[in-house]
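Biologist: I have the sequence and the coordinates open and would like to go through them with you. Could we start with a single side chain and work outwards?

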Amino acid sequence: MRLIQNMSTIAEYPTPEYPAPNRVMKMAVIGGSGVGKTALVVRFLTRRFIGDYERNAGNLYSREVQVDSEQVTIQVQDTPGVEMTDNGVSLPDHVTCSIQWADAVVLVYSVTDRRSFDLIDQLHQLVVRAGGANMPPVILLANKADLLHLRRVDSQQGPLLAGTLGCSFYEVSASEDYSQVHHAFHRLCCQLAKQPPPPASNSSSSSSSSSNTNSASAVTEKRRSPLIPRPKSPNMQDLKRRFKQALSAKVRTVTSV
């Protein structure tokens, strides 16, 4: 994806060969098409706003940050836009898998798009069904608050809906105010930090406990879901590290000769 290649400040999902050493907090950002999901994610992770994005096919972003003095890795799953048709909601499989994978969900609508607001209640029901007894924390974001002349959703309707759904509400502008976006995501991170982290799997466990490990791995793989695509571009940090290793090896060879 062109966007990731131009922004080396976003470290992508680590490959199994190089697992993340920190606690991982997984978030899924869900909403209608054109509400600014990608802009919100990039704004939060890099402080930058880029007005022109390619159509989102579902990309996973990752970055290490500090939350309550703890170093954590935040993984944010951007998702394709949900559409409302004459037959109901058109929901890509990727969105359902993202809900099952995530530790927290960010529901997004645009104040300039009434249809995106009307989608929120149905999307929240999907989160409730997917989460069951372990429903993830949810926040509601109203984006494009700077476009007052194009507003189609009254400023009071968002808080009322959030109160009905039992989640926190934030009205933000990804294009004009980084602090608003950061505040919303940071509060969600703090909420996740208060929850006990999932038990870490031990890859060097003995053969006597292999059956239990395999069962846990099966559950983990089901939650991650293979339908969530890996980022298309290479991990810039890994490429830089491998390039330095190759140069060091070449220098050692020349010195020995």
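This is a predicted model: local features need pLDDT of at least 70, side-chain atom pairs count only at pLDDT 80 or more; totals for chains, interfaces and linings use all residues.

Biologist: Where is threonine 79 placed?

Modeller: Threonine 79 belongs to the loop between strand 4, residues 70-78, and strand 5, residues 83-85.

Biologist: And is threonine 79 buried or exposed?

Modeller: Threonine 79 is buried, because its relative accessible area is 0%, and buried here means under 20%.

Biologist: Let us step back. How many helices and strands does the chain have?

Modeller: The protein chain has 8 helices and 9 strands. Its length is 257 residues, of which 42% count as buried.

Biologist: What about the surface of the protein chain?

Modeller: The accessible surface of the protein chain is about 14,100 Å², and 51% of that belongs to carbon and sulfur atoms.

Biologist: Among contacts between residues at least 6 apart in sequence, what share joins residues at least 24 apart?

Modeller: That share is 76% in the protein chain.

Biologist: Now the aromatics. How many aromatic pairs are there?

Modeller: The structure holds 2 aromatic pairs. One of them joins phenylalanine 44 and phenylalanine 185, whose ring centres are 4.6 Å apart. Their planes meet at 15°, so this pair is stacked.

Biologist: Which parts of the chain does that pair tie together?

Modeller: Phenylalanine 44 is in helix 2, residues 37-46, and phenylalanine 185 is in helix 6, residues 178-193. The pair therefore ties together parts that are 141 residues apart in sequence. Phenylalanine 44 counts as buried at 8% relative accessibility, and phenylalanine 185 counts as buried at 0%.

Biologist: And what is the geometry of tyrosine 109 and phenylalanine 117?

Modeller: Their ring centres lie 4.9 Å apart with the planes at 75°, so that pair is edge-to-face. Tyrosine 109 and phenylalanine 117 are both buried.

Biologist: Back to helix 6 for a moment. What is its span?

Modeller: Helix 6 has 16 residues and should span 22 Å at 1.5 Å a residue; its end C-alpha atoms are 22 Å apart, which agrees. Its buried residues include Phe185, Leu188, Cys189 and Cys190.

Biologist: Then helix 4. What is its span?

Modeller: Helix 4 has 18 residues and reaches 27 Å from its first C-alpha to its last, close to the expected 26 Å. There is also a kink of about 30° in helix 4, centred on isoleucine 120. Isoleucine 120 is among the buried residues of this helix, as are Phe117, His124 and Val127.

Biologist: What caps the N-terminal end of helix 4?

Modeller: Aspartate 113 does, with a side-chain oxygen 3.1 Å from the backbone nitrogen of arginine 115. Just after helix 4, glycine 132 takes a positive phi of about 60°.

Biologist: Where are aspartate 68 and lysine 144 found?

Modeller: Aspartate 68 is in the loop between strand 3, residues 60-67, and strand 4. Lysine 144 is in the loop between strand 8 and helix 5, residues 157-165. With a relative accessible area of 51%, aspartate 68 is exposed, whereas lysine 144 is partly exposed at 23%.

Biologist: One last region. What surrounds valine 127?

Modeller: Valine 127 is found in helix 4 and is buried, with a relative accessible area of 0%. Leaving aside neighbours within four places in sequence, valine 127 is in contact with Ile99, Val105, Met135, Pro136 and Val138. The C-alpha atoms of valine 127 and valine 138 are 8.6 Å apart, and the two residues are 11 apart in sequence.

Biologist: Take methionine 135 from that list. Where does it lie?

Modeller: Methionine 135 lies in the loop between helix 4, residues 114-131, and strand 8, residues 138-143. Methionine 135 is partly exposed at 32% relative accessible area. Not counting residues up to four places away in sequence, methionine 135 touches His124, Val127 and Val128.

Biologist: How far apart are methionine 135 and valine 105?

Modeller: They are 30 residues apart in sequence and 9.7 Å apart in space, C-alpha to C-alpha.

Technical notes
Residues are numbered from 1 along each chain as its sequence is written. Side-chain values use heavy atoms; hydrogens and water are left out. Helices (H or I, at least four residues) and strands (E, at least two) are DSSP runs, numbered from the N terminus. Buried means under 20% relative accessible area, exposed over 50%, partly exposed in between (1.4 Å probe, protein chains only). Contact means heavy atoms within 4.5 Å. Rings of Phe, Tyr and Trp (its six-membered ring) pair if their centres lie within 6.5 Å; planes under 30 degrees apart count as stacked, over 60 as edge-to-face and the rest as tilted. Accessible areas come from the Shrake-Rupley method with a 1.4 Å probe; for residues, only the protein chains shown count as cover. The expected span of a helix is 1.5 Å times one less than its number of residues. The bend at a residue is the angle between axes fitted to the seven residues ending there and the seven starting there. A polar contact is a pair of N or O atoms within 3.5 Å; within protein, one must be able to donate a hydrogen and the other to accept it, and residues adjacent in sequence count only if both atoms are side-chain atoms.
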